[in-house]
Amino acid sequence: MDQEEEISQTSTCDVAASKSHLLDNEHVQKNQKSVIVDRRVIKHYGRRMKLNCRHGYNILILQNGEVSSSDDDIDSNCIMEFTSMSPGHVRIRGVEANLFLAMNKDGLLYGEADPNNNSTIFIEQPEGPYSAYLSLKYQRKKWYVAIKKNGKIKLGPTTKRGQHATHFLTIVV
């Protein structure tokens, strides 16, 4: 009888411990605002916003890594997550595509899967009520994130500070 009671108590403790472990994991995930995408955990630390250009278009990152724009305010690909890297430096992730906004050597914006890539960091520069996003990697060349009047993404070498195409409002979602 004593052995059966010990086994019963041990299994009850193990079940209780495993339940509390699960609760702890759920609690940690809720507190860290984790998001599970493709069976891997991605921590959600930043604020979710839309980048709305002065011309009326939102930047969006598609699943295939293409960066485009949309004048549709309800497009889920427009929701971005901003993570501060240091004062004035941000990393922008497309929530739906789980890709980071990046700029390549030709000044083309694209979606990057590797968050540690230096091309995914932008310098946020306030310009009145707007913000401009300068590529950290190409800051000496002064390449900005920009959308033309017709809604097409503007290449980095054709941008300058103060252009209407580089002015963005961040709209909290």
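Start by selecting the cysteines: a search of the whole structure finds zero disulfides, a disulfide being a pair of cysteine sulfur atoms within 2.5 Å. Such a bond is a covalent one between the sulfur atoms of two cysteines. Select C53, which counts as buried at 1% relative accessibility, and then C78, which counts as buried at 0%; buried here means under 20% relative accessible area, exposed means over 50%, and partly exposed lies in between, with a 1.4 Å probe and protein chains only.

Before going further, note that this is a predicted model, in which local features need pLDDT of at least 70 and side-chain atom pairs count only at pLDDT 80 or more, whereas totals for chains, interfaces and linings use all residues. Residues are numbered from 1 along each chain as its sequence is written, and side-chain values use heavy atoms, with hydrogens and water left out.

Helices (H or I, at least four residues) and strands (E, at least two) are DSSP runs, numbered from the N terminus. Of the 173 residues in the protein, 40% are buried.

Next, select F82 and Y133, which form one of the three aromatic pairs in the structure. Their ring centres are 6.2 Å apart and their planes stand at 50 degrees, so the pair is tilted; rings of Phe, Tyr and Trp (its six-membered ring) pair if their centres lie within 6.5 Å, and planes under 30 degrees apart count as stacked, over 60 as edge-to-face and the rest as tilted. Because F82 lies in strand β6 (residues 79–86) and Y133 in strand β11 (residues 130–135), the pair ties together parts that are 51 residues apart in sequence. F82 is buried at 7% relative accessibility, and Y133 is buried at 0%.

Finally, move to Q125 in strand β10 (residues 121–127), a residue that is buried with a relative accessible area of 14%. Show its side chain together with that of Y144, with which it makes a polar contact at 2.9 Å; such a contact is a pair of N or O atoms within 3.5 Å, where within protein one must be able to donate a hydrogen and the other to accept it, and residues adjacent in sequence count only if both atoms are side-chain atoms. Which residues is Q125 in contact with, leaving aside its neighbours within four places in sequence? They are Y130, S131, A132, L134, Y144 and R161, contact meaning heavy atoms within 4.5 Å.
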